[in-house]
Amino acid sequence: MSLLLAGRFEPVEREAWCTELRRALPDETLTVWQPGLPAGLRVAVDVAVVANPPPGSLQGLPKLRLVQSLWAGVERLLADPELPAAVPLARMVDPAMSEAMAETALWAVLSLHRCWFERLDAQPRGQWAPHSPQRRADEVVIGVLGLGELGRTVALRLQANGYRVLAWSRRAKVLEGVETLHGDTGCDALLAQAEIVINLLPLTPLTRDFFCARTFARMRPGASLVNLARGAHVVDEDLLAALDRGVLHRAVLDVFRTEPLPPGHPFWRHPRVTVLPHVAAQTDPRTAAAVVADNVHALRAGRPLRHLVDRGAGY
Ligand code: NAP
Ligand code: GLV
């Protein structure tokens, strides 16, 4: 089978993907896309393995049978006019990525619950300020929006650490130890109770701009937002207004409408915003290559493909 790797990679990243994909799929042919790739190579491609594929890279592939994304979130791919409409699209689902996301979420929750951000802010001022009372984890309610591959691992990790966890999804779900909610009333209940809201929704037409003034007004006063999903879930101006008016306490943001976050953006300097450079859970070629290989083997054997995107739902 012939694989085409198409993405905007740093050279060292490209090298890592080539090494790991060749290790995981020693019997297949791997070609790295580049402008002017000969037509003879393009016509043979069965599987495109993509991460932000450059313009033109998904065109002229008449035998293509699978587009395998190296990203979990596929909103950019779905918006790409060059994405072939009739070819199945699979996204990255890797337990190692879920694990990394759970670590990031736990760090953010512990930092907010135990006031570590305030402690770190106090150090450069030489301020010894043991003011806030210590609370137990079971006194803190966490809301997780999105109960998919990542949300589920995050919810369970926080629950195992003693937090009371509410989680919201589109369809009804059951998850032991977690209070699961769905629908508009479920969302209202979560927002009204959660002291820390973690966003792990996919970016779709229904979830874009979800965190706007109207949502902030439905949140528990003084709650904090941890956005680990996509920047376009948040209306930046509304978030800044909610923080400045004291409606929200703090925001931990890993993702932004424009990445890298532009140097002049107010988030950089806001005293109650923590900026991370989209590192909550990166795709690791060492484990993700096996996920790609699994689907390539399925395609070869005529077995059902895994982690297919529902294009109608947008995730
Ligand atoms: P997933 O498995 O597809 O799960 C999505 C969850 O969101 C599902 O529970 C789904 O409900 C729910 N959902 C979707 N639309 C909804 C709506 N309109 N209302 C309520 N719930 C809705 O996705 P995932 O693998 O967990 O990834 C989530 C997102 O994380 C990705 O799309 C990506 O944007 C982001 N991400 C960020 C990083 C990072 O480093 N910051 C890394 C990886 C991924 P159902 O269960 O009912 O379908
Ligand atoms: C990262 O943000 C991903 O979607 O994999």
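The model is predicted, with local features needing pLDDT of at least 70 and side-chain atom pairs pLDDT 80 or more, while totals for chains, interfaces and linings use all residues. Residues are numbered from 1 along each chain as written, chains are lettered from A and ligands numbered from 1 in written order, and side-chain values use heavy atoms, without hydrogens and water.

A backbone N or O atom of Gly-73 lies at 2.8 Å. For the side chain of Arg-230 the distance is 2.7 Å. For a polar side-chain atom of His-278 it is 2.6 Å. Alone, ligand 2 exposes 190 Å², of which the protein buries 87% (Shrake-Rupley, 1.4 Å probe).

An open, parallel sheet has 5 strands in the order E2-E1-E3-E4-E5 (DSSP runs of at least two residues for strands and at least four for helices; pairing needs at least two bridges). Strands E2 (29–32) and E5 (89–90) are the edges, each pairing on one side only. E4 (residues 66–69) joins E5 through 2 bridges. Gln-68 has Ala-90 as its bridge partner in E5.

Helix H1 (residues 11–24) packs on the sheet, touching E1 (2–7), E2 and E3 (47–51) (contact: heavy atoms within 4.5 Å). The H1 direction makes about 170 degrees with that of E2 (axes fitted to C-alpha atoms, for helices over the stretch in contact; angles from 0 to 180 degrees between N-to-C directions). Helix H11 (residues 285–301) lies across E1, E3, E4 and E5, at about 165 degrees to E4.

Key: A polar contact is a pair of N or O atoms within 3.5 Å; within protein, one must be able to donate a hydrogen and the other to accept it, and residues adjacent in sequence count only if both atoms are side-chain atoms.
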